[in-house]
Amino acid sequence: MSEKLTGAQIMCEALIREGVEVMFGIPGGTIMPFYYAMYDYQDQLRHILCRHEQGAGHAADGYARASGKVGVCIGTSGPGSTNLVTAIANAYMDSTPIVAVTGQVATSLIGRDAFQETDVTGITMPITKHNYLVKDIEELPRVFKEAFYIASTGRTGPVLIDIAKDVQQSSTVPNWNVELNLPGYHPDRTFDHEEIRDAIALLTEAKKPLMIIGNGVLMSGATEEVRQFAEHMGVPVVTTLHGIGGFPEDHPLSLGMPGMHGWVHVNRAIQECDVLFNVGSRFDDRVTGKMSTFAPNARIIHVDIDESEIGKNIRTDIGIVGDARAVLQEMLKEMPQRDTHEWVEYIRQMQEKHQPKQHYMQRPPEASLMPYDVFTTLSRIINERGNYRVVADVGQHQMWTAQLIDWHKPRTHFSSGGLGTMGFGLPTGMGVAVAKPNDTVWVIAGDGGFQMTNQELQTIVQEGIKNIKVAIINNGYLGMVRQWQELFENKRYSGTPLSCPDFPRLAEAYGIRGLAVDQASAVEDAINSAYEHDGPMVIDFRVEREVNVFPMVPQGKSIGEMIVGAPNPVPEVPRTVEETPMPIETPLVVKG
Amino acid sequence: MKRHTIIALMQDQPGVLNRAVSLFRRRGYNIASLAVGHTEIPNISRMTVVVESDEVEQVVKQLDRLIEVVNVTDVTYESTVDREMTLLKVGALNGNRAEIVALCEVFNAKVVDVSQESMIIEMTGSPAKVENFIEVMEPFGINEMMRTGIIAMVRGAKTSHTHKTYSVEGNGRVSTEALK
Ligand SMILES: Cc1ncc(C[n+]2csc(CCOP(=O)(O)OP(=O)(O)O)c2C)c(N)n1
Ligand SMILES: [Mg+2]
């Protein structure tokens, strides 16, 4: 092909070459040439017009998480690009592969405080894996190739490409035979066999081994290897917020979630284990609590694709840099079979004693709808019906989503774990719905977070997206903050009581079916009606207002010190757990 | 606080330095000195940064993670040749010129500019020696001074990028290969 193309056409061609099918964005002055060119590529490149660039960014994020492909979002210079910032930061924290394409003022105007000029490469430097400012049309093919390669390999993440308007307008014969110029980038690093052997030796001698899995397992598609490994060595498995779905929760070795709102028996198991085998989780402080007291008895093995994660938060005995799946496959070859049933039984006894969900079953006599009613019913119905994806927003409902729904499959649960971005839910759900048109996508949002990005309901309508259902857990508060105020600030509800529009009527204004539920007995029918309705739906669950998420590790405390369920109203001093460690000291039987 | 000397090789393109030093800024570490320049490899520049901090391991790893950074080493505990250059403009009247020149000779410093009331002296040496020289010059009145910051190189045949080889392709691109 020796035809001349405009920069904008080259951008379209490059995206198609990278396998892009869908993009989420909003046009504006400096990105108009790209939109002009895009018009001719409509059959290959579907553009979804969002209502806010943050929505476009999260949608690209959701699309990427659900599909495993790179998500693409677009914004114009200045406010378009700054509106993308939150979504980019969110993708960075959760390692989602997205490429953000932004227009920039013409090269002759850069640096002159031109209209809608923002130094977006400067702004996004610390929140992207890499970014580019393109001032020369000849660079476009290479930059796009590199951007997608960087976003989708190694520890995946967001890449931003900022393209000056005149670059989009000028033309050249593109040279697609470009090579990547990335001498400092080695995503395909291989681990040393020595480390694998050391890890196996440590795990073979462990009396109380524990495996903790995170996003890395899902990103590398290692769920099957995790199951094989766990069964082979009989090691119980802990799934972090982002590890949810990486190991089926009905498996006899599945323990559940650790951390600030993890279960007591899980945190106790971490505090007592003698070898902690971390695969693809980054020891976030929401998992570790006070770092110096985390897993005090354990030797720690950490498998991570990003070398800089190893030893970052928690002292590590053996660090293995590599892809979770490849490492587990390698380890499986030599790992002897183990029997650790005594240890597993001991943890199960603790679980029995603390009855993880018991707190939620206590209800004030006058309560007509508890969050628990919604979550358990939803869990049952979605699991019965199958083909579901669930996106949580941020707050109490996010933790209930993780705690109270039974998770079985990878890439079914999506949460803003790293940045904790309120407003994440709906737009991310939209991206998931576009990526998985045959699945039912449930967005679970708080009344606060939903009001941050609900404008995307109109995007859903315009695009004819039908497979998205929104469940608002409406408690009339910025609930998670209110909970902290209740527990640690003497119920000074400063800035947390929240008024809401009539959500069903708001939905109706968008042309979306809306429904309000305030009785436990109506939950099941409401959820089923969402399935029967062939289109998006918003259900406003008006729940008891002051319900708390328990157990809870207070900020900065050791995960060994949990506040467990306190009936409403909370007693003066919340009950905390103290345990005597597992008595068995006899070595466990090692088979094979 | 401990002083760390870190050497990084990176692609010579806009924005690289900003990315690299941002990692120190983010943590609130003060950069004591920073020197950047070309190397024996085309399109690869070298940064020597001296920071005051007890904890640099994580920054070093995160530097290495930057796409454009090809290699990073913390040479604090290695035996290195450290050099720094300084230019000093000192007040030099007829009465004290001879004395200044004599001191310059002791320190192997060069007088590079002389005027009626002042002279510019160029001095290169280890950071300690430079420090020492500045002290000695102080009584004459230092009117202006600039230090380049330290550049460092590991002693012996070992290079600070021994485990990688570099080749420059026809298009000016650099490729690296692990030797292992
Ligand atoms: C953009 C943003 N602003 C503020 C916060 C702090 N924050 C965390 S949870 C929360 C409350 C969320 O309230 P709501 O959406 O109603 O959910 P609930 O906790 O009541 O379930 C707030 C304000 C945040 N995480 N994100
Ligand atoms: Mg709320």
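Two strands pair if DSSP finds at least two bridges between them. Keep that in mind, everyone, as we go through this predicted model.

Let's start with strand E15 of chain A, residues 388-392. E15(A) pairs with strand E16, residues 413-414 of chain A, in the parallel sense, over two bridges. If you want to find that pairing on the screen, look for A:Val390, which stands opposite A:His413 in E16(A).

E15(A) has another partner too. Strand E17 of chain A, residues 440-446, runs parallel to E15(A), and five bridges join them. Here the landmark is A:Val391, whose bridge partner in E17(A) is A:Val443.

Now over to a helix. H11 of chain A, residues 264-272, is mostly covered, with nine of its nine residues buried. Among them are A:His265, A:Asn267, A:Arg268, A:Gln271 and A:Glu272, along with A:Val264, A:Val266 and A:Ile270.

Next, a helix pair. Helix H3, residues 53-67 of chain A, packs against helix H4, residues 79-93 of chain A, at an angle of about 30 degrees, and their axes are 7 Å apart. Angles under 35 degrees count as roughly parallel, so that is the description for H3(A) and H4(A). The crossing of H3(A) past H4(A) is right-handed.

Which residues make the contact? From H3(A) we have A:Glu53, A:Gln54, A:Gly57, A:His58, A:Asp61 and A:Arg65. From H4(A) come A:Gly80, A:Asn83, A:Leu84, A:Thr86, A:Ala87, A:Asn90 and A:Ala91.

Finally, a quick word on chain B. It has four helices and eleven strands. Chain B has 180 residues, and 43% of them count as buried. Looking at contacts in chain B between residues at least 6 apart in sequence, 70% join residues at least 24 apart.

That's my tour, and I'm happy to go back to any part of it.

Key: Residues numbered from 1 in each chain as written. Chains lettered and ligands numbered in written order. Predicted model: local features only at pLDDT ≥ 70, side-chain atom pairs only at ≥ 80, totals over all residues. Heavy atoms only, no water. Axes fitted to C-alpha atoms, helices over the stretch in contact; angles between N-to-C directions. Parallel < 35°, antiparallel > 145°, perpendicular 65-115°, else oblique. Left-handed = near helix turned anticlockwise from the far one by under 90°. Contact = heavy atoms within 4.5 Å. Buried < 20%, exposed > 50% of the residue type's maximum accessible area, 1.4 Å probe, protein only.
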